Amino acid sequence: RMAIHFDSTYKAWHLWSLTNFELIQYYERYGSDKVRPFLAPAIQGFFEAIGLADSTLLCFPDVLRVLTLWFRHAALPEVEESLREGFRRVPTDRWIVVIPQLIARMHSPHSVVRRLVHELLAQLAGTEPVRLLRLQAGDGEQEPRPIRRPAQVLGDPGRTRQLADLPCPVGPTHGQPWRGLVAMAVIRQERQPAIPGPPRRV
């Protein structure tokens, strides 16, 4: 813990949060209830590491670990608070790589998970609409490999129409920015001719 105060870098925060994460996994493996003290430190540490990372590709495993803790333990008040604080502090572009995972939890039976997912998707649509549309259109050659995967979800008009029809939660965020983004993606997809892929090697 002292190391991160003297060396506030990605590597220091990554190692600190990973230690907590591995302790959580250890106690979960044996059905222990001792995981709770490690949850908030792990999430907060991962958010610090994600914010300090030089690239989205570097912090991609940390983003996935945040999702794991989020989807498993969001019902705990300290976990929800740590997540909300992290979402406010970390650049929204870090979450583009996990849009498919977020969409898959839009109808989670857990209300906290569902609410946070809708709020984050709305935030993403409000701050990164151009980037999302560029990825959807296939113009993602300069992006690291994990970031290009969401284009497979938004690139199919049938799948995109289904996403546009998903109900949005009632509340201040409404999910309307995400809804509008999906509608724009549909229009752009249908107006542009199909882009042929690279030739296959024989």
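Predicted model: local features only at pLDDT ≥ 70, side-chain atom pairs only at ≥ 80, totals over all residues.
Residues are numbered from 1 along each chain as its sequence is written, and side-chain values use heavy atoms, with hydrogens and water left out.

Me: Which elements give two or more residues to the lining of the second largest pocket?
Reply: A pocket is an open set of points on a 1 Å grid over the protein atoms alone, where a 1.4 Å probe fits, with protein on both sides within 12 Å along at least five of seven lines; lining residues have an atom within 4 Å of a point. The second largest pocket is lined by 11 residues, with Gln44, Phe47, Glu48, Glu85 and Arg89 nearest its centre. Helices are DSSP runs (H or I, at least four residues), numbered from the N terminus. The elements asked for are helix 3 (36–52) and helix 5 (77–89).

Me: Is Ser82 buried or exposed?
Reply: Ser82 lies in helix 5. Leaving aside neighbours within four places in sequence, Ser82 is in contact (heavy atoms within 4.5 Å) with Ala40, Ile43, Gln44 and Phe47. Buried means under 20% relative accessible area and exposed over 50%, with a 1.4 Å probe and protein chains only. At 6%, Ser82 is therefore buried.

Me: What is the separation of the C-alpha atoms of Glu81 and Gln44?
Reply: Glu81 is also found in helix 5, but is exposed, with a relative accessible area of 59%. Glu81 and Gln44 are 37 residues apart along the chain, and their C-alpha atoms are separated by 9.9 Å.
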